[in-house]
Amino acid sequence: MRAVSNRIASTVAATAAAAGTLVPASVYAAGAVDGAVQKQATNVSAIVMFLVFVLFTLGITYWAARRTKSAKDFYAAGGGITGFQNGLAIAGDYMSAASFLGIAGLVYANGFDGLIYSVGFLVGWPLVLFLIAERLRNLGKYTFADVASYRFKQTPIRTLSACGSLATVTFYLIAQMVGAGKLIQLLFGLDYMVAVIIVGVLMIGYVTFGGMLATTWVQIIKAVLLLSGASFMAFMILAKFGFSPEAMFKAAVDVHPKGVAIMSPGAFVSDPVDTISLGLTLMFGTAGLPHILMRFFTVSDAKEARKSVFYATGFIGYFYILTFIIGFGAIVLILGKDANGAYPFLTAAPAEGVKAAVASVIGGTNMAAIHTAHAVGGDLFFGFISAVAFATILAVVAGLTLAGASAVSHDLYASVFARGRVNEADEIRVSKITTVVIGIVSIVLGIAFENQNVAFMVGLAFAIAASTNFPVLLMSMFWGRMTTRGAVMGGAIGLISACVMIALGPTVWKAVLGHPTAIIGYANPGVFSIVLAFAGIWFFSITDNSAQAEKERRDFEDQYVRSQTGLGAEGASAH
Amino acid sequence: MSQSAQRIVNNPKFQELVAKRSAFAWTLSIAMLVIYFGFILLVAFGKEFLGTPIGSGVTTWGMPIGVFTILSAFILTGIYVRRANGEFDELNRQILEETK
């Protein structure tokens with residue numbers, strides 16, 4: 001164990017610096033490995049296990065490619081995924097490397113506060129189920145824009161939705177690519193650029209050849225691997241304490257520098273407005289992420305769509321409970337002495353009688369879960385968890401890329417540019433070309449942003465999803481008086497206000513651009529931008545007296561009947 | 001409006017389905033919002049309560065309350081899916097059947 005720890009020993013602890021000073025907005029940054037990291041010695045067992053994963057998933061891609069013929073196969077896996085499988089895939093989309101390493105790291109650094117974020121990320125799911133899932137399934141075909149534009153003028157709404165999707169996907173992708181490069185440097189000892197290129201090339205391969213079917217199965221396999229690995233870790237940690245959480249908490253309190261304070265809420269939540277704003281953004285952002293909404297079209301009907309969310313909520317909730325246990329286990333295993341009286345995971349042993357500092361962990365707080373894997377399962381399990389972390393990034397970027405490519409081919413090319421006069425083969429070709437372009441662009445951006453602070457980008461992605469995609473989608477299904485003008489104006493207001501407020505807020509204006517104080521004091525614009533978007537939709541709809549608007553209002557009844565009953569909804573493919 | 005959609009709207013069972021399902025979905029949504037924002041408000045204004053140990057140990061009230069919030073999300077989705085995939089889907093099937 002000592003040998004491997006030393007490999008990471010030289011890592012710069014810049015990542016740890018964020019831990020003590022986290023403000024709510026940086027929750028998104030949790031998993032992004034920030035700052036400079038040094039390349040490590042090559043980690044052979046991790047690379048071998050990762051290669052096995054890659055070979056296996058390429059085999060699946062080959063299998064999927066032979067089954068992917070029509071547009072429905074490419075975008076929606078033929079509609080033949082079951083609710084249970086889709087639940088795992090959705091959970092996989094959500095359990096990114098950021099949430100695994102980041103939330104375990106937050107718990108390691110701050111204890112109870114990590115739980116506040118897990119809860120925020122989870123509670124959006126029941127709302128997705130109650131309000132969106134079945135209507136979405138009944139109305140849509142391949143993308144959420146199908147639903148948002150159902151009875152409206154196609155060109156403006158599809159364009160707006162595609163902009164919202166592409167913005168969300170791009171920011172999310174950059175954050176993932178940069179995180180991937182750094183993490184892989186740290187875990188595998190590969191060059192940053194090599195890591196980013198591997199991720200980009202593999203995701204292009206999965207998506208262009210295997211479409212949604214391959215993307216879904218890669219995500220399912222990774223979800224099973226991650227859940228199994230995390231379950232094993234939590235089990236081993238609890239076993240050390242005779243399965244008594246109280247004993248585990250006691251041991252953690254004894255070695256953590258904050259002592260008993262890790263058992264109660266700390267300084268994370270200082271401003272109630274910012275906190276509620278974060279809660280709203282997380283909730284509604286979840287319901288506006290294009291790569292997740294797309295998954296509802298891969299199941300056969302509304303019944304399976306509902307089951308998907310039920311299973312997804314269960315897996316995600318279970319996963320967050322595991323990360324919480326892993327975080328507390330990390331406190332004991334990293335900050336406490338091991339059986340030999342040594343501190344193998346710290347950059348330097350603390351002086352006698354002094355508690356070890358949280359930030360002295362090798363590689364920074366985001367490495368807490370990885371060290372814990374090492375401590376409970378030895379070198380081989382350490383390699384396994386490293387390989388799973390890599391696989392996780394790969395699966396998430398593949399889903400994002402497919403969502404971005406669909407927005408271009410299905411919404412922009414087929415509906416806006418060709419005005420529906422396009423055959424399936426051409427549409428799929430455009431989608432595959434777009435996938436290659438998105439892959440190359442994200443490799444280039446990943447390299448360009450290597451030394452930039454990308455922490456705000458996932459926050460921005462969530463804010464755009466919550467302030468543009470979600471309000472337009474929700475109102476199009478629930479409010480019969482909405483018109484094209486209202487949707488476009490409201491969506492645009494949400495998009496612009498979210499971007500501007502983040503740019504002028506503490507995460508970008510202060511932390512990225514280096515100004516001494518932020519122009520806008522709130523890190524999370526959600527409570528303002530979401531309300532503005534809804535207000536914009538309302539105002540510009542009720543004042544719209546055009547003949548087109550009247551027609552759109554009359555068409556609501558048909559849409560309503562279909563959304564409620566599934567009359568005329570897309571079924572599964574015959575094969 | 002299309003003819004089949006018109007027939008569905010005129011079917012009293014459709015009105016029943018929509019009224020029941022909407023009421024159920026909104027009730028559960030509000031329950032989730034109350035639980036979540038209740039938790040957040042406790043975090044913001046009830047730090048001391050959440051930090052109070054249960055009995056003589058170090059485990060605080062915040063722990064079971066946090067875990068309860070996570071479990072409640074799962075349980076609420078379970079409650080909805082059970083009724084929607086059973087009672088509501090049966091009603092829906094009847095409506096579509098009668099419309100043919």
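**Close-up views of a predicted two-chain model**

View 1. A:Gly404 touches A:Ser165, A:Leu166, A:Val169 and A:Ile438, leaving aside residues up to four places away in sequence. The glycine itself is found in helix H16 of chain A, which spans residues 368–417. A:Gly404 has 30 other C-beta atoms within 10 Å and is therefore buried, the cut-off being 20 or more. A:Thr168 lies 236 residues from A:Gly404 in sequence, but their C-alpha atoms are 8.8 Å apart in space.

**View 2. The side of chain B that touches chain A.** The contact takes 43 residues from chain A and 44 residues from chain B. On the chain B side, at least two residues each come from helix H1 (3–10), helix H2 (12–45), helix H3 (47–50) and helix H4 (62–99). H4(B) gives the most, with 19 residues. By type, this side of chain B divides into 28 nonpolar, 14 polar and 2 charged residues.

**View 3. Crossing of H15(A) and H4(B).** The axes of helix H15 of chain A (residues 302–335) and H4(B) cross at roughly 165° and come within 9 Å. The two helices are therefore roughly antiparallel to each other, as the angle is over 145 degrees. The crossing is left-handed. Residues making the contact include A:Phe310, A:Thr313, A:Gly314, A:Gly317 and A:Tyr320 of H15(A), and B:Phe74, B:Thr77, B:Gly78, B:Val81 and B:Asn85 of H4(B). Charged residues also take part, among them A:Lys303, A:Arg306 and B:Asp89.

Note on methods:
Residues are numbered from 1 along each chain as its sequence is written. Chains are lettered from A and ligands numbered from 1 in the order in which they are written. This is a predicted model: local features need pLDDT of at least 70, side-chain atom pairs count only at pLDDT 80 or more; totals for chains, interfaces and linings use all residues. Two residues are in contact if their C-beta atoms, placed from the backbone, lie within 7 Å. Helices (H or I, at least four residues) and strands (E, at least two) are DSSP runs, numbered from the N terminus. A residue is buried if 20 or more other C-beta atoms lie within 10 Å of its own, exposed if 12 or fewer, and partly exposed in between; C-beta atoms are placed from the backbone. Axes are lines fitted to C-alpha atoms, for helices over the stretch in contact, and angles run from 0 to 180 degrees between N-to-C directions. Angles under 35 degrees count as roughly parallel, over 145 as roughly antiparallel, 65 to 115 as roughly perpendicular and the rest as oblique. A crossing is left-handed if the near helix is turned anticlockwise from the far one by less than a right angle, and right-handed if clockwise.
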